[in-house]
Amino acid sequence: MDTVQENLANWSTSRMASIPVAGLLSRNPMAYKWKAPFRSWMLREAVFWRLHDLLTQSYALHQQGHGLGARILLRSGFETVAVLVYLNQQMQQVLDGKLNFHLFSDKTTTLLAGSRDGSTTHRSLNIMTILEKCDKRYPGLAKLYAILSESAHPNYEGMITGYSKVDHDEYETHFSNRWMELHGDKHLGSMDMCMMTFHHEYNDVWTGLMERLEAWIEANDATLEATKNDSLPG
């Protein structure tokens, strides 16, 4: 069993099945009278469930020799991890006094309920904006995403490179499905990188930040109550 397969198997039994509000209130009643911490829990676990689903399918397609589909799903996996990284960055900014807590709360709503088709009243953030922020913590992440995007789109990489090869000696172009030939040997390594990034953000970064945020809310509860109806900058 390779590392990716082992991680996927472990993930399938470790995902959180529910988030009881009563449990959060017992954990810290003052912090969880505010919605932002609860939404942060929701985002964290939704990322876990989505990432497990995407990478399970990406791995299966790769094992079956379907290289393009595997890469497109991995691309979505990196987008999903980026949402958790971005959430953690926003939590850190609150703790550092660089982001208004109520504006942070609005951002958690947008991350959780944003859409582009009008199905919700909140417009989702541009994923490229999120990836650019994440690249500051993980240099190279945006570049890897861009490379995967080239495969996903019907441009030179996605059309010509993926399906044709020129025989310069015979002045002839041969068509075939080349995705596994081009990228198959690197795919599991990229999946492993995605998983390692998620593990760190989910287990280490988020956990520490949430404990600190809960304590910060307790210490600043009176101020938060006094300012919750203030107008916020756009």
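**Exercise 1.** Is the crossing of α3 and α9 left-handed or right-handed?

*Solution.* Before we start: this is a predicted model, where local features need pLDDT of at least 70, side-chain atom pairs count only at pLDDT 80 or more, and totals for chains, interfaces and linings use all residues. Residues are numbered from 1 along each chain as its sequence is written, and side-chain values use heavy atoms, leaving out hydrogens and water.

Step 1. Locate helix α3 at residues 35–63 and helix α9 at residues 179–227; helices are DSSP runs of H or I with at least four residues, strands are E runs of at least two, and both are numbered from the N terminus.

Step 2. Their axes lie 11 Å apart at an angle of about 165°. Axes are lines fitted to C-alpha atoms over the stretch in contact, with angles from 0 to 180 degrees between N-to-C directions.

Step 3. The pair is therefore roughly antiparallel, a label for angles over 145 degrees.

Step 4. The crossing is left-handed: the near helix is turned anticlockwise from the far one by less than a right angle.

**Exercise 2.** Is S119 buried or exposed?

*Solution.* Step 1. Find S119 in the loop between β1 (114–115) and β2 (122–123).

Step 2. Because its relative accessibility is 56%, S119 counts as exposed (over 50%, using a 1.4 Å probe and protein chains only).

Step 3. For a sense of distance, S119 and K186 are 67 residues apart in sequence and 38 Å apart in space, C-alpha to C-alpha.

**Exercise 3.** Which residue takes a positive phi in the hairpin of β3 and β4?

*Solution.* With 4 residues between the strands, the hairpin has Y171 at a positive phi near 55°.

Key: Buried means under 20% relative accessible area, exposed over 50%, partly exposed in between (1.4 Å probe, protein chains only). Angles under 35 degrees count as roughly parallel, over 145 as roughly antiparallel, 65 to 115 as roughly perpendicular and the rest as oblique. Two strands pair if DSSP finds at least two bridges between them.
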